[in-house]
Each structure stands twice: as structure tokens, then as C-alpha cells.
Amino acid sequence: MSDKVPPDLRYTREHEWARAGAGEVTVGITAFAVEQLGDITLVNLDVKVGDEVAPGKPFGTIESVKSLSDLYAPVAGKVVRINEQLSSKPELVNEDCYGKAWMIAIAPGDAKAFGTLMDAAAYGEYVKTAAH
Amino acid sequence: MTDSHPRRTSLYETHVALGARIVPFAGWEMPVQYTGIVDEHQAVRTAAGIFDVSHMGELRLRGQYAAQVVDYLVTNDAKKLADGQAMYTCACNDRGTILDDLIVYRRAQDDWLVVCNASNRDKMSAHFARAAKDHCDFDDESDATALVALQGPRAFDVLSKIGADAARLSSLGSFRFRAAEIAGIRCTPSRTGYTGEDGVEIFCAWDDAPALWRALMAAGADAGLKPIGLGARDTLRLESRLSLYGNDIDETTNPIEAGLGWVVKTEKGDFVGRTALVKIKAEPLARKLVGFEMAGRGVARHGYALLDPAGQKVGVCTSGSPAPTVGKNIGLGYLPTSMTPIGTRFLVDCRGKSVEAVVASTPFYKRAKR
């Protein structure tokens with residue numbers, strides 16, 4: 001399950017995925033991250049539309065029964081959309097992490113940043129190492 | 001504890017075969033979850049769960065003066081126990097703070113078993129060995145003893161399916177234990193647990209645990225028995241307000257402020273920590289461990305600061321988690337005594353965000369009497 005990685009996305013070392021759209025990059029967390037976290041109970045997106053986000057700076061947190069983790073932006077840019085559903089339906093992350101549980105969409109400051117992220121093959125390898 | 005070679009119980013391969021996620025815990029590689037914490041938690045509340053707790057420490061004291069040695073090291077009154085009876089207690093140091101919380105089993109007047117936390121095994125083993133020297137025989141039997149817990153409203157339905165002797169265990173009183181044979185395995189079931197549910201904890205020889213586990217799993221298939229990891233063990237105990245050593249209690253806390261005054265019998269005679277505890281009991285408490293519920297959006301976690309309404313740090317959260325049965329985010333923490341009445345509002349510093357919380361009555365969950 002978690003070793004299958006969608007081929008059309010790019011990935012971070014913190015297990016976020018990034019999907020390229022028309023002038024925006026949509027962001028969520030990967031199935032590997034979801035499996036590590038377990039039952040998701042809270043998604044806190046601490047940004048609003050228009051805020052600047054940058055890699056290495058958390059844009060929110062996700063809480064499972066066991067732990068709290070930061071959410072990191074894969075690329076720098078301006079937040080253009082937020083998935084408001086997640087605040088009342090955190091379970092969407094467990095159900096559909098690559099789809100309905102997208103978190104934010106970013107208008108990247110640098111169009112080339114997306115291409116520097118890990119591709120599916122590289123992330124697949126990375127996960128294998130992370131899981132031993 | 002941070003040993004580079006974590007140890008494995010005799011059930012390690014069983015856990016891996018069941019698809020468990022394994023994590024390091026107190027020097028052991030233990031299953032944190034199999035299917036998911038919430039799913040496992042509900043199984044124990046509504047049906048039954050089976051836990052490997054073989055990492056716990058078992059200390060054996062035997063001889064004419066074994067009873068006195070045990071009683072001198074614990075805060076509860078071991079002299080009140082009959083053969084086949086157990087009790088929960090603290091062991092304190094001279095300052096009256098908590099070295100460990102234990103269950104003490106009287107097998108016979110001259111034969112005692114003390115079960116300690118895995119994280120404290122070396123410390124407690126040395127503590128009891130030192131006290132036993134020149135007075136009674138001491139053996140650390142932890143490496144030879146496995147412990148499997150069977151907990152939940154259907155725990156005794158499961159046992160009723162594995163032979164006459166196991167079926168008779170439902171007549172065992174609370175905190176009573178006896179020798180038994182389950183699926184041909186000689187063992188010692190005890191009517192104790194760490195979940196807030198009815199059930200037993202079963203001691204057996206280290207290498208017999210996989211066969212015992214298999215027999216219980218097979219017998220419990222129809223009853224909805226599931227294997228339960230450390231994750232759900234923690235949410236189950238927290239809902240029932242059972243203390244976790246290292247989180248809620250440790251060598252900086254005393255049993256009185258931790259709400260464990262009921263296991264401190266200062267009138268029983270001398271014991272380690274008595275002088276300090278008499279003094280602590282006589283003076284007003286500066287702080288108390290209380291249960292609370294989050295009123296705002298957020299989960300309190302171990303170590304988060306507790307703030308008064310003005311935002312000043314006044315206490316600390318010792319345990320916190322979403323509570324699957326209660327359906328709220330709950331926690332335990334130390335607050336100044338003036339802020340401990342039920343209903344008192346305060347704030348939890350959730351990593352820079354102040355989230356409102358309210359002191360709640362505990363246990364958060366209490367099982368229905370049947």
C-alpha cells in the first residue's frame with residue numbers, strides 16, 4: 001500500500017506530495033506518512049489565502065491519536081486555495097490522501113522549483129530506506 | 001534504556017506476522033499498533049483484546065522475611081494481603097517521590113512477586129536486591145517470565161472456550177490470581193489490567209507465550225478478539241486515568257499530588273519514604289494531577305505547558321490524547337491546587353497556540369457494571 005507511489009506527483013523528504021496544476025502546485029501528505037501517523041484526528045492549516053509559504057517553514061500541523069507533525073510546503077509561493085473541509089473532516093486524510101485530502105494550493109514564486117523535488121521513482125526509493 | 005541492541009519478547013515474530021508496526025520502547029522492540037489505534041481501542045471496549053506485555057519486570061522475593069522486605073519498600077500495606085491476592089502500590093525514595101508503580105503479588109507468606117515497569121526494571125531490580133540482601137532470597141525473573149494480557153467485556157467468553165480450568169477463571173475475584181492450565185500451558189492468570197476493562201493478565205514461561213497467544217487468538221476469533229499494541233494500551237489507560245510512569249509520575253512527583261494517596265498507608269508501620277510522606281500529607285499541596293478536556297481545537301501532549309487565563313505558565317501536561325471512547329481530547333496534568341476544582345478553565349500551550357481546556361472529573365471512562 002504505502003510502497004505504491006503515484007507516478008505523476010513530486011515529493012518531499014518530509015513526505016508531502018506536490019501536484020502541478022495550471023499556475024499552481026497542490027500539496028498533501030503521502031500514504032507512507034498517513035500510515036506512520038495512523039488515525040488522523042486534527043488537521044490545522046495555519047495559513048490563509050494570500051499568505052507566503054516556504055520550504056522548511058510549517059504551514060500547519062497534523063495530529064493523529066499518537067503524535068503531532070508539521071506540514072511543510074514543497075515550494076515557496078503564495079497560498080491560493082485551502083481545503084476548508086479538512087478542519088471538520090480530518091478522516092479524509094486516512095481515506096484519500098492523494099485526492100480529497102489535498103491541503104493547500106500554492107502559486108509558486110519560482111516555476112522551476114517544482115522540478116527540483118523528488119520524482120516518484122526517487123521518492124519510492126527514499127521510502128524504502130526510511131522504512132528500512 | 002537507550003541500549004543499541006533493543007530486546008525482543010518471545011512474541012516478536014508473532015507480532016511481525018500479524019502486520020504490527022514495531023517501535024522501540026524502554027529498550028524493547030514492541031508492537032505499537034496492528035490495525036490502528038482507534039480500531040484496537042474499540043475492540044477492547046466492546047469485545048476483547050490481547051496484549052504482549054512481556055517487557056514488564058518480574059522480581060521474586062522468597063523466604064521467612066520476604067514479606068517484611070516487600071512491605072518496607074512499598075507505600076501500600078502488603079500485610080493486608082492473603083495468599084493469591086495482589087495490590088497496586090507505589091515504591092518511593094526517602095524524599096517521598098515515586099521510584100515506580102508496582103503490582104505486588106502474595107503467592108504465600110514466604111513467596112512474593114513484584115511486577116515493575118519495563119523502563120524501571122534495572123533500577124527496581126537493584127533496589128529490591130539491595131533491600132533483600134541478608135534478609136531473603138531475591139531473583140529477577142524478568143527474562144524467564146512472559147506476560148500476556150486479555151482484556152475486554154468478552155475476555156471470559158474467550159477463556160471459556162479453552163478448557164475447564166480456563167473457564168473457571170471467571171470466578172477469580174478482582175486482584176486475585178492462581179495457578180492454572182490454559183491450552184496445556186501452565187500459567188498464572190491474575191484478574192488485573194491496565195485498560196479499565198475486566199480481564200486477566202497471564203504470566204507464563206518465556207517460551208510458552210507464543211503457544212498461549214495462539215490458543216487465545218483461536219478461541220477469541222468469534223468473540224472479536226484482536227491483538228492490541230502499545231498505542232491503544234495508552235489511550236485505554238488514559239481514559240481510565242491509570243498513571244503512566246515516566247509521563248504522569250516519576251522521581252519528581254509524590255503519590256499524594258499524583259492522586260495516589262489511596263496507596264499510601266503512613267499508619268502501616270515504617271517504610272521507605274514514610275517520614276517524607278507524613279510531612280507531605282500534613283501540609284497543603286502546592287499542585288495536583290488533574291484530568292482535563294480540551295474545550296478548543298487542539299490536543300494536549302506530554303510536556304506542553306498549562307497556562308492560567310492570563311497566559312502565565314502554571315503547570316504541565318503529563319499525558320494527552322484524543323480519547324476514542326469518550327470522544328474528546330483529554331489529558332492529565334499538574335496544576336496549582338487553587339485551579340484544580342472541576343470546571344476550572346485554563347489554557348494549554350499547544351506549540352505556541354493557546355487552546356482552552358477545562359478540569360474534568362476522572363476517570364474519563366468507567367465501564368458499566370454487569
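In this predicted model, strands E6 and E7 of chain B are joined by a hairpin with 2 residues in it. The two strands, E6 (98-108) and E7 (111-116), run antiparallel and are held together by 5 bridges. One pair to look for here is B:Tyr105, whose bridge partner in E7(B) is B:Leu113. E6(B) is also a mostly covered strand, with 8 of its 11 residues buried.

E6(B) has another partner, too: E5(B) pairs with E6(B) in the antiparallel sense, this time over 8 bridges. Within this pairing, B:Met87 finds its bridge partner in B:Val104 of E6(B). E5(B) and E6(B) form a hairpin as well, with 5 residues between the strands, and in that hairpin B:Gly96 takes a positive phi near 80°.

Stepping back, these strands belong to an open sheet of 5 strands in chain B, laid out in the order E5-E6-E7-E4-E8 with antiparallel pairing. The edges are taken by E5 (85-92) and E8 (137-140) of chain B, each of which pairs on one side only. On average, and with direction ignored, neighbouring strands of the sheet are turned by 25° against each other. At the E8 end of the order, strand E4 (residues 57-62) of chain B runs antiparallel to E8(B), and 4 bridges join the two. Here B:Arg60 stands opposite B:Asp139 of E8(B).

Two helices of chain B pack on this sheet. Helix H3 (residues 66-73) of chain B touches E4, E5, E6 and E7 of that chain, and its direction makes about 30° with that of E7(B). Helix H4 (residues 121-132) of chain B touches E4, E6, E7 and E8, and its direction makes about 5° with that of E4(B).

Chain B is also divided into domains: domain 1 covers 12-56 + 144-239, while domain 2 covers 284-360. The centres of the two domains, taken over C-alpha atoms, are separated by 32 Å. Where domain 1 and domain 2 of chain B meet, 8 residues of domain 1 are in contact with 7 residues of domain 2. On the domain 1 side, the elements that give two or more residues are helix H2 (37-46) and helix H8 (230-239) of chain B. By class, that side of domain 1 has 2 nonpolar, 3 polar and 3 charged residues.

Now for the other chain. Chain A comes to 4 helices and 9 strands, and along the sequence they follow the pattern β-β-β-α-β-β-β-β-β-α-α-β-α. The radius of gyration of chain A is 14 Å, which agrees with a compact globule, because a globule of 132 residues would have a value near 14 Å. Taken along the principal axes, the C-alpha atoms of chain A fill a box of roughly 35 × 35 × 25 Å. Of the 132 residues of chain A, 42% count as buried. Looking at contacts in chain A between residues at least 6 apart in sequence, 65% join residues at least 24 apart.

Finally, the two chains touch: 8 residues of chain A are in contact with 11 residues of chain B. On the chain A side, the residues that touch chain B divide into 3 nonpolar, 2 polar and 3 charged.

Conventions:
Residues numbered from 1 in each chain as written. Chains lettered and ligands numbered in written order. Predicted model: local features only at pLDDT ≥ 70, side-chain atom pairs only at ≥ 80, totals over all residues. Nonpolar A, V, L, I, M, F, W, Y, C, P; charged D, E, K, R; others polar. Rg over C-alpha atoms; globule rule 2.2 N^0.38 Å. Buried ≥ 20, exposed ≤ 12 C-beta atoms within 10 Å, placed from the backbone. Pairing = 2+ DSSP bridges. Axes fitted to C-alpha atoms, helices over the stretch in contact; angles between N-to-C directions. Domains from an automatic or database assignment.
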